[in-house]
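Me: I would like to learn how to read a structural model. Can you take me through the main features, one by one?

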Amino acid sequence: MEFLQDYQAVWNRKPSLRLVYGDFFDRIAASTGPGNTLEIGGGIGNLKEKLADVISTDVQFAPWLDAVADAQRLPFAEATFDNIVMLDVLHHLEFPSLFFREAERVLRVGGRIVMAEPAVTLGSTLFLRLFHQEPVRMKHDPLATGMPDPRRDPYDANQAIPTLLVTRYREQFHDAFPTLRIARTYWFSLAAYPLSGGFKSWSLINEPVAKWTLGLERRLEPWLGRLFGFRVLIVVEKTT
């Protein structure tokens, strides 16, 4: 919980960060379907402000969360949820395949998995490799499976996993999970996120500049997102 308290402190003192992540939350909420929602990796709990009828979980306890749960072994019955939402979670999972198997189980037919994750693009690669503490391993198999290590740090990560999944391993994903289809992939977040410093103590932009930059990004993303985006929004639907 100490990490979450540190993140909460940064969140409270950085308005530019709140604007950037508010944009992430808006995109996730707009991509969900009607019905109830399971949030995995609820962190400091801010996404609940954008969604109604949501159960918020994380692998570590916090008083604002509804349950403690591991994405690779969800403590919920079959066909319980209409949506599963995650922000910066997939690339932290030791075996994403175990999560998708669990998602198949707990989602109702027609349900969605909505994820906002780091994107490895021409514009983001150098920044992610030089200035971000999490590694980028493009030779990793995002569909590998195995037995999760209970001693593993839940903050261990590979930022390449989401990009690999929706590009190089897209067809393998569909073969492995025939009831799930990647319905939408949208690349976004051009400058405001890296300039905000994320959850670091520094920021190169203030609140008005962050707001203006986010508005400009919305207009440029359809053309520049795939080349320079720092984030990818992934929507997966359960078809049967």
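Reply: We will go through cores, strands, salt bridges and a surface patch. This is a predicted model, in which local features need pLDDT of at least 70 and side-chain atom pairs count only at pLDDT 80 or more, while totals for chains, interfaces and linings use all residues. Residues are numbered from 1 along each chain as its sequence is written, and side-chain values use heavy atoms, with hydrogens and water left out.

Me: Which residues touch the most other members of the largest nonpolar core?

Reply: In soluble globular proteins, nonpolar side chains tend to be buried together. A nonpolar core is a set of buried Ala, Val, Leu, Ile, Met, Phe, Trp, Tyr and Cys residues joined through side-chain atoms within 4.5 Å. Buried means under 20% relative accessible area, exposed over 50%, and partly exposed in between (1.4 Å probe, protein chains only). Here the largest core has 37 residues, and Ile40, Ile84, Leu90, Phe99, Phe100, Ile113 and Phe173 touch the most other members. Elements giving two or more residues to this core include strand E1 (37-40), helix H3 (96-106), strand E5 (107-118) and strand E7 (231-238). Helices (H or I, at least four residues) and strands (E, at least two) are DSSP runs, numbered from the N terminus. A second, separate core has 29 residues, among them Phe24, Phe25, Leu65 and Tyr193.

Me: What is isoleucine 234 in contact with, beyond its neighbours within four places in sequence?

Reply: Contact means heavy atoms within 4.5 Å. With those neighbours set aside, isoleucine 234 is in contact with Ile113, Val114, Met115, Pro162, Val166, Ile182 and Arg184. Isoleucine 234 is found in strand E7 and is buried, at 0% relative accessible area.

Me: How many bridges join E1 to E2?

Reply: Two strands pair if DSSP finds at least two bridges between them. Three bridges join E1 to E2, and the two run parallel. Glutamate 39 has serine 56 in E2 as its bridge partner. E2 (residues 54-58) also has two bridges to strand E3 (residues 67-68), again parallel. There, aspartate 58 stands opposite valine 68. E2 is mostly covered, with four of its five residues buried.

Me: How many salt bridges does a search of the whole structure find?

Reply: A salt bridge is a side-chain nitrogen of Lys or Arg within 4 Å of a carboxyl oxygen of Asp or Glu. The search finds 11. One of them joins arginine 27 to glutamate 221, with the closest N and O atoms 2.7 Å apart. Arginine 27 lies in helix H2 (residues 15-31) and glutamate 221 in helix H8, so the pair ties together parts 194 residues apart in sequence. Arginine 27 is buried at 7%, and glutamate 221 is buried at 3%. Asp23, Arg27, Arg218 and Glu221 are linked in a network of salt bridges.

Me: How many residues apart in helix H3 are glutamate 102 and arginine 105?

Reply: They are three residues apart, so about one helical turn separates them. Their side chains meet in a salt bridge (3.0 Å, N to O). Glutamate 102 is buried at 13%, whereas arginine 105 is partly exposed at 25%.

Me: Which residues form the nonpolar patch on the surface?

Reply: Patches are made of residues with over 30% relative accessible area and no salt bridge; like charges are joined within 9 Å, and nonpolar side chains (Val, Leu, Ile, Met, Phe, Trp, Tyr) within 5 Å. Accessible areas come from the Shrake-Rupley method with a 1.4 Å probe, and for residues only the protein chains shown count as cover. Here Leu122, Leu220, Trp223, Leu224, Leu227 and Phe228 form the patch, with about 620 Å² of accessible area together. Leucine 224 lies in helix H8 (residues 207-228) and is partly exposed, at 31% relative accessibility.
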